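Colleague: I'd like to learn how to read this fold and its aromatic rings. Could you walk me through it?

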Amino acid sequence: MLFSQASPKQLIGKWTWIETSGGFAGEITSPQTEKCEVQIEFTKNKMFSEWKDKQTIYCQKYFVKIGKSIFSEKAQPIITYVSKPGAKINLILDAFEFKGKDTLILKNECHDCYTRVFVRKK
């Protein structure tokens with residue numbers, strides 16, 4: 001696999017979920033196994049949104065910083081999601097990388113968490 005250096009500008013756009021792997025059991029799920037469609041979007045205005053079967057799940061601010069990742073000894077870009085005051089949902093930080101220009105890989109910054117793969121929506 002050829003992974004490219006991650007740039008925050010490459011995040012901008014809509015992405016369609018292809019696969020999730022990880023967790024304690026090391027399971028692999030996909031739209032076919034879960035019988036649902038998931039899409040995410042990162043905007044220039046630093047907003048992150050996620051939809052499951054066209055229903056909004058998340059809509060919140062995000063920012064990218066260079067920091068220490070559990071996946072690498074070198075500093076790399078990390079996505080931090082900013083919840084609204086009083087929100088009950090806080091997303092885990094994500095390290096990210098690209099496979100080619102149209103595949104986004106988000107890796108939760110915690111042990112036994114998940115790696116999600118998305119392709120750019122055209």
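Modeller: Start with the terms: helices (H or I, at least four residues) and strands (E, at least two) are DSSP runs, numbered from the N terminus. This chain has 2 helices and 10 strands, in the order β-α-β-β-α-β-β-β-β-β-β-β. Keep in mind that the model is predicted: local features need pLDDT of at least 70, side-chain atom pairs count only at pLDDT 80 or more, and totals for chains, interfaces and linings use all residues. Numbering runs from 1 along each chain as its sequence is written, and side-chain values use heavy atoms, leaving out hydrogens and water.

Colleague: How many aromatic pairs are there?

Modeller: Rings of Phe, Tyr and Trp (its six-membered ring) pair if their centres lie within 6.5 Å; planes under 30 degrees apart are stacked, over 60 edge-to-face, the rest tilted. That rule gives 5 aromatic pairs here. Tryptophan 15 and phenylalanine 98 make a tilted one, at 6.2 Å between centres and 40° between planes. Tryptophan 15 sits in strand β2 (residues 13–22) and phenylalanine 98 in strand β8 (residues 94–99), so this pair ties together parts 83 residues apart in sequence.

Colleague: Is tryptophan 15 buried or exposed?

Modeller: Buried means under 20% relative accessible area, exposed over 50%, partly exposed in between (1.4 Å probe, protein chains only). Tryptophan 15 is buried, at 0%, and phenylalanine 98 is buried at 0%. Then look at phenylalanine 42 and tyrosine 62: their ring centres are 5.0 Å apart with planes at 80°, so that pair is edge-to-face. Both phenylalanine 42 and tyrosine 62 are buried.

Colleague: Which residues do ring pairs link into a cluster?

Modeller: Phe42, Phe48, Tyr62 and Tyr81.
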